Amino acid sequence: YERALFADLRHAGAAGGALPPGLEHKHKETVRGRFILQVEEAFNAGESKENRQHDGYNRTMKVVLTDGSQTIRGAELRKIPQLRWDTPAGVKVCVRDFEVRRGVALLGADNLQVLGGFVADLERQRLDTVDAREKALRRQIVRDVRERDPDDPEDGPDASQMQGGQPRVSGSQREPQGQQGPGQQQQRQQQQQ
């Protein structure tokens, strides 16, 4: 049983597959039986493309499932607590008696059970993809910050205008030495000592 959870169904000799053929073309049909399938991908389609790697308020999980020979798409119709955006690629699930609408399996906690396992190669690819998306998002945030209007007081000083955690003051912005207040003169004298 443990070995099966970590096997790749695409290479495990599931010739012919367990699912009825042509599911991607079915509509308004019920598929009866129990099927052990492998999750190729899981993501939150209820969020924007940039935020699909989070379980947000608009959670609608979509999955890509395979029986080893046929790949189908599934949509979370009713919440499946064990299925998350970070579900490991290759995890095995048991799906039973599900409806198909426009080639998509409608899933919920009542007809999908997460069994466990994963496929190391698929999980490595998934993590690389997640990492690449996060890096791209960070780069975009940095670009957005750099493109801010430096004259906009709402934005505040950017990193190039900071010195030691405080806004950098250019020589033209400093008060002339002769016009310093008494507190500033004391500070200056203490710094010089």
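Me: How many bridges join strand 4 to strand 5?
Reply: In this predicted model, strand 4 and strand 5 run antiparallel. The number of bridges joining strand 4 to strand 5 is three.

Me: Which residue of strand 5 is the bridge partner of R73?
Reply: Strand 3 covers residues 71-76 and runs parallel to strand 5, with four bridges joining them. Among the residues of strand 5, the bridge partner of R73 is V104.

Me: Are V104, A105, L106 and L107 of strand 5 buried or exposed?
Reply: V104 and L106 lie on one side of strand 5, with A105 and L107 on the other. Both faces are covered. The cut-off for burial is under 20% relative accessible area, and V104, A105, L106 and L107 are all buried.

Me: Which residue in strand 4 stands opposite I36?
Reply: Strand 1 and strand 4 run antiparallel and are joined by eight bridges. In strand 4, the residue opposite I36 is C94.

Me: What is the bridge partner of A42 in strand 2?
Reply: Six bridges join strand 1 to strand 2, and these strands run antiparallel. In strand 2, the partner of A42 is V63.

Me: Which residues is L65 in contact with, leaving aside its neighbours within four places in sequence?
Reply: L65 is one of the residues with the most contacts inside the largest nonpolar core. Leaving aside neighbours within four places in sequence, its contacts are L37, Q38, V39, Q70, T71, I72, V93 and L107.

Me: Why does E76 count as buried?
Reply: E76 has its place in strand 3. Leaving aside neighbours within four places in sequence, E76 is in contact with R59, T60, M61 and L107. Burial requires under 20% relative accessible area. E76 counts as buried because its relative accessibility is 10%.

Me: What is the distance from the backbone nitrogen of I80 to a polar atom of the side chain of E76?
Reply: E76 is in strand 3. A polar atom of the E76 side chain lies from the backbone nitrogen of I80 at 2.8 Å.

Conventions: Residues are numbered from 1 along each chain as its sequence is written. This is a predicted model: local features need pLDDT of at least 70, side-chain atom pairs count only at pLDDT 80 or more; totals for chains, interfaces and linings use all residues. Side-chain values use heavy atoms; hydrogens and water are left out. A nonpolar core is a set of buried Ala, Val, Leu, Ile, Met, Phe, Trp, Tyr and Cys residues joined through side-chain atoms within 4.5 Å. Buried means under 20% relative accessible area, exposed over 50%, partly exposed in between (1.4 Å probe, protein chains only). Contact means heavy atoms within 4.5 Å. Helices (H or I, at least four residues) and strands (E, at least two) are DSSP runs, numbered from the N terminus. Two strands pair if DSSP finds at least two bridges between them. A polar contact is a pair of N or O atoms within 3.5 Å; within protein, one must be able to donate a hydrogen and the other to accept it, and residues adjacent in sequence count only if both atoms are side-chain atoms.
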